[in-house]
Amino acid sequence: MDYPDAGQDIRVTVDAHATFEGAGWTRPEKAWGTFRIYHRMPAANGEPELVNWGDFKVDCLTSGGPTATVTGRLVRTGGNVGAWDDYLKRHVRMGISFYVAESKGSGPSRIGLSGGTEDGAPLLSKCMAPAADAEVIKGGYDLTDRAPAR
C-alpha cells in the first residue's frame, strides 16, 4: 500500500470469510479467518532495517458492492522492533477497509488501516475501520460480496 514515508513497505494479507442470516443483515452471523499487517522500514544511518508484523484473528467481515471492512484482534507479533508487544498483551483490535476499483474510470483500488488504541483508550469496535484512503500500489485482492448463509 502507499505510505507517506518513502521506502517503507506496508503489506496486508487477508483471508477473511463471513456468513449472514439473510438479506439486509449488516453484521455477520459468523466471521473467521486471519489477516497480517507487515511493516518494513529500510536501514538508515548505519542501523539495520526494522520489521514489525502482527497476525490478527478475524472477528468481523462486512461487505457491500466494491467495499469491505475486516476487524480482528492481535494474536501474534514478530519482527525486530517489538512495537506491538503492548498491543498483543491487551489483545488490541485493528481494522482494515478495502475499495476495489471495478472499472477503468473508478480510480485505483484502495485500502485503509486503523492504528492500535493507546493504553486506557477504548478498543476499536467490531466491524469498524477507517476509510480506504491509501492506494494499492502492488499486488491486489479479490472481493466477493456478501451472500446469505445457506
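**Close-up views of the sheet and its core**

**View 1. Pairing of strands S3 and S4 in the predicted model.** Twelve bridges link strand S3 (residues 50-64) to strand S4 (residues 67-79), and the two pair in the antiparallel sense. Within this pairing, Cys60 stands opposite Thr71 in S4.

**View 2. Strand S5 and its two partners, S4 and S6.** Strand S5 (residues 93-99) is mostly covered, with six of its seven residues buried. Seven bridges connect S5 with S4 in the antiparallel sense, and Ala68 stands opposite Phe98 in S5. Strand S6 (residues 110-113) is joined to S5 by four bridges, the two strands running antiparallel; here Ser97 stands opposite Gly112 in S6.

**View 3. The largest nonpolar core.** This core comprises 19 residues, and those with the most contacts inside it are Phe35, Phe56 and Trp84. Strand S2 (30-41), S3, S4 and S5 are the elements that give two or more residues to the core.

**View 4. The surroundings of Trp84.** Leaving aside residues up to four places away in sequence, Trp84 touches Ile37, Asn52, Trp53, Gly54, Phe56, Leu74, Thr77 and Met94. One of these, Phe56, is listed with Trp84 among the residues with the most contacts inside the largest nonpolar core.

How values were computed:
Residues are numbered from 1 along each chain as its sequence is written. This is a predicted model: local features need pLDDT of at least 70, side-chain atom pairs count only at pLDDT 80 or more; totals for chains, interfaces and linings use all residues. Side-chain values use heavy atoms; hydrogens and water are left out. Two strands pair if DSSP finds at least two bridges between them. Buried means under 20% relative accessible area, exposed over 50%, partly exposed in between (1.4 Å probe, protein chains only). A nonpolar core is a set of buried Ala, Val, Leu, Ile, Met, Phe, Trp, Tyr and Cys residues joined through side-chain atoms within 4.5 Å. Contact means heavy atoms within 4.5 Å.
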